[in-house]
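Hi,

Here's the structure I said I'd pass along.

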Amino acid sequence: MLGFWKRGEQVNDLILRHLAHVRQAMSLFGDATRAYFVEKDVEKARRLMVETHKAESLADDVRREVEKTLVQGALLAPSRRQLLLIVDGIDTLANAAQGTLHYLVNQSVDVPPEVEPFALKILEESETLFEDVDCGVRSLLAGDAKTSLDCAERIDRHESAVDRFDAEATRTLFALNIELARKMHVRGYFAVLALISDRAEDLADQVALVAAERAL
Amino acid sequence: MWTLVAGIFMGWSLGADAAASLFGPTVRSGAMRFWTAAILASIFVLIGAMTVGSGCFATYDAIGTQTLLSAFLVALAAGLTITLMAALGLPVSSTQAVVGAILGVGLLSGGVSVAPLTKIGLSWVLTPIGGLVAAYIPYKLLVLFPQALPSRLVNRVGVIRVGLVLVTCYSAYALGANNVANVTGVFVSSGLLSPTLGALIGALAIGLGILTFSRRVIETVGSALVRLDAVTALIAILAEAITLNVYAVIGIPVSASQAIVGAVIGIGLVKGVKTIDGRVLLRVLFGWVGTPTIAGLLSAGLVLGARLVA
């Protein structure tokens, strides 16, 4: 009868492992983006992009393990559904980070110096935002609904900040006297960069929902 | 002995119907696989019937002593009422069907005692209230002291899961203890069966219903519990079981579905939300009046028909 408890613990550990791999992917994504913009070292950025891809793949493997353990009967049906949505939500962050790097490095996006600071600001917000994602998920697993809700609220604030930087970047970009094709190319990069915070916001909504449902 | 077929048929339909509230939420939530739940429930129905179940036989005996033929007609009328009402999608209470059928036969034979009927009538009103109180108190305590449940997700879900398994067993035990008299009570009253044999055959018939047809009932019909989460479903099933158990000890068979309706209302009172709509309450009222009336008319008709043939 206690076999299901063991499977529950297994799911808990797997979610934390998955979170660790996504953290690694996010950290490599930050390093790669800085290598591209700050160090202007495209080769280093490319190397780190490959590392990000590896971390994302490892996260995918663990996510599948979570799914398998849940299907085998860990926890209860409603908790399984909620945790699957949360794990999927965390996973989309690593996917978005990887996709952003592919766009930047593989397409050699030529970001004008006037707009570069906005990309770095969005990057910083995304990194801070991930800390709150991490905090929200860990609190949820620990049963601290209040902290989970606080983290979800902070994620929303970071997402708003990203939106503001994105809008400012767009205004600055389209005020520049450069080719429209280049503007569109750079704009596309900002669109994928902002996707990380959009997905984190979706995840925050899910975390908040689960935390709220925990209240009797 | 062939007259027992009607009782076994009744037990079978009772088992199939009761499963929705007995372990429907436990199976649906994934706390237990269907077969584990069905086998456990059948075993505990048997334990409940064999240990406490014979107490309720005396109540049916007190309304009016049965002959072999009247016992058969009562069981047949009650079984047909249950089947008819289930087919029409109307609420089914085996207790009320049996009482109505006994009344129908008894009024024509001139052998009905009023005192036990008053007791039974009162129990019908008190059953949902009992369910309400039995759910309100533990749920209110849980809301006041949420730390009673572990906060860590895995531990919390584990405790709820164990709780669901335990209340499933307890509610099956209580169902066996309280409702087995509905199945074979009239046959014990007629002298065909001893109380022990009546409890055994009744429990086996209920178990047969659980094992052969309850899966379909859980998947298609559901119950008032469907909209509840795991914690509130656990409390509602517990309240149902406590109500049935208390009445089994007193020796009055009551309706499990009406106990659960009371329990769901009790949870709604704590939450400050309406968990049951007017239609469900109307169904409870119909259960009090409609089921015994239909069963009574049917059994009276069967008695008249039997007299004509004879």
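This is a predicted model: local features need pLDDT of at least 70, side-chain atom pairs count only at pLDDT 80 or more; totals for chains, interfaces and linings use all residues.

Chain B is built from helices, with 12 of them and 0 strands. If you walk along chain B from the N terminus, the order of elements reads α-α-α-α-α-α-α-α-α-α-α-α. As for overall dimensions, the radius of gyration of chain B comes out at 19 Å, close to the 19 Å that the globule rule gives for 310 residues, so chain B is as compact as a globular protein of that length. Along the principal axes, the C-alpha atoms of chain B fill a box of roughly 70 × 35 × 35 Å.

On the inside, 61% of the 310 residues of chain B count as buried. Take the contacts in chain B with a separation of 6 or more: 86% of them are between residues 24 or more positions apart.

Now for the contact between the chains. Chain B puts in 20 residues and chain A puts in 18 residues. On the chain B side, the elements giving two or more residues are α7 (114–144), α8 (153–189) and α10 (230–250). Of these, α8(B) gives the most, with 7 residues. Sorted by class, the side of chain B that touches chain A has 11 nonpolar, 4 polar and 5 charged residues.

Cheers

Definitions and conventions: Residues are numbered from 1 along each chain as its sequence is written. Chains are lettered from A and ligands numbered from 1 in the order in which they are written. Two residues are in contact if their C-beta atoms, placed from the backbone, lie within 7 Å. Helices (H or I, at least four residues) and strands (E, at least two) are DSSP runs, numbered from the N terminus. Ala, Val, Leu, Ile, Met, Phe, Trp, Tyr, Cys and Pro count as nonpolar, Asp, Glu, Lys and Arg as charged, and the others, Gly among them, as polar. The radius of gyration is taken over C-alpha atoms; the globule rule is 2.2 Å times the number of residues to the power 0.38. A residue is buried if 20 or more other C-beta atoms lie within 10 Å of its own, exposed if 12 or fewer, and partly exposed in between; C-beta atoms are placed from the backbone.
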